[in-house]
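Here is a short report for a first look at this structure.

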Amino acid sequence: VQDGCNQFCTYCIIPYARGRVRSREKENILNEVHKLAKAGYKEVVLTGIHLSSYGVDFPEDKKETLLSLIQAVNEVEGIQRIRIGSLEPRVVTTQTAKRLAAQPKVCPHFHLSLQSGCDATLRRMNRHYTTGEYYASVEALREAYGNPAITTDVIVGFPGETEEEFEATEAFLQKVGFYEMHIF
């Protein structure tokens, strides 16, 4: 539903290779989802390079958000399940988690990009959240859904990562209790 990224994490080439955020128009997406439903598809996956930024590039008078798109897709007859690609943890607030949980077709699986469980490493990565903020997002999802599957990505051996920073990440991973992790 979108391409590109405006984040410029220190390890990532995507903003240079794919450009800035570009979101598809909601009507265009809904037309595609309706066609899929008519063709018998029961599940759709909303995905993008930086999915959480869906709609930030729209003019003020046509503003949409990922949540408004999910709510619209939830209304499409014939679609029974909506999966969401990777989310930035800072967009998952208690209110957002409750609003997601109110959409009965949204599958209770959330991939929240972590990258490191150490705040010092996160700052060097130019990630825009702390481990405390990340954990609050996980807790908001667990409060809204009970026992959702939370998955993540982690980079170990990031340049300058000390043994203490690695151990902080390991302890944070255990604290969160992920369903699954992609470790690089």
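## Terms and model

A residue is buried under 20% relative accessible area, exposed over 50%, and partly exposed in between. The model is predicted.

## Two positive phi angles

Most residues other than glycine have a negative phi. N126 has a positive one, near 60°. N126 sits in the loop between α5 and α6 (131–145). Its relative accessibility is 27%, so N126 counts as partly exposed.

Q115 also has a positive phi, near 75°. This residue belongs to the loop between β5 (109–111) and α5 (119–124). With a relative accessible area of 8%, Q115 is buried.

## Helices α2 and α3

Two packed helices are described by the angle between their axes and the distance between the axes. Helix α2 spans residues 26–38, and helix α3 spans residues 66–74. Their axes come within 10 Å and cross at roughly 30°. Angles under 35 degrees count as roughly parallel, so α2 and α3 are roughly parallel to each other. The crossing of α2 past α3 is right-handed.

From α2, K26, I29, L30 and V33 make the contact; from α3, S68, L69, A72 and V73 do. These residues comprise 6 nonpolar, 1 polar and 1 charged.

## R99 in helix α4

R99 is part of helix α4 (residues 94–101). Its relative accessibility is 37%, so R99 counts as partly exposed.

Leaving aside residues up to four places away in sequence, R99 touches L67 and Q71. R99 and L67 are 32 residues apart in sequence. In space, their C-alpha atoms are 7.9 Å apart.

Notes:
Residues numbered from 1 in each chain as written. Predicted model: local features only at pLDDT ≥ 70, side-chain atom pairs only at ≥ 80, totals over all residues. Heavy atoms only, no water. Axes fitted to C-alpha atoms, helices over the stretch in contact; angles between N-to-C directions. Helix = DSSP H or I, 4+ residues; strand = E, 2+ residues; numbered from the N terminus. Parallel < 35°, antiparallel > 145°, perpendicular 65-115°, else oblique. Left-handed = near helix turned anticlockwise from the far one by under 90°. Contact = heavy atoms within 4.5 Å. Nonpolar A, V, L, I, M, F, W, Y, C, P; charged D, E, K, R; others polar. Buried < 20%, exposed > 50% of the residue type's maximum accessible area, 1.4 Å probe, protein only.
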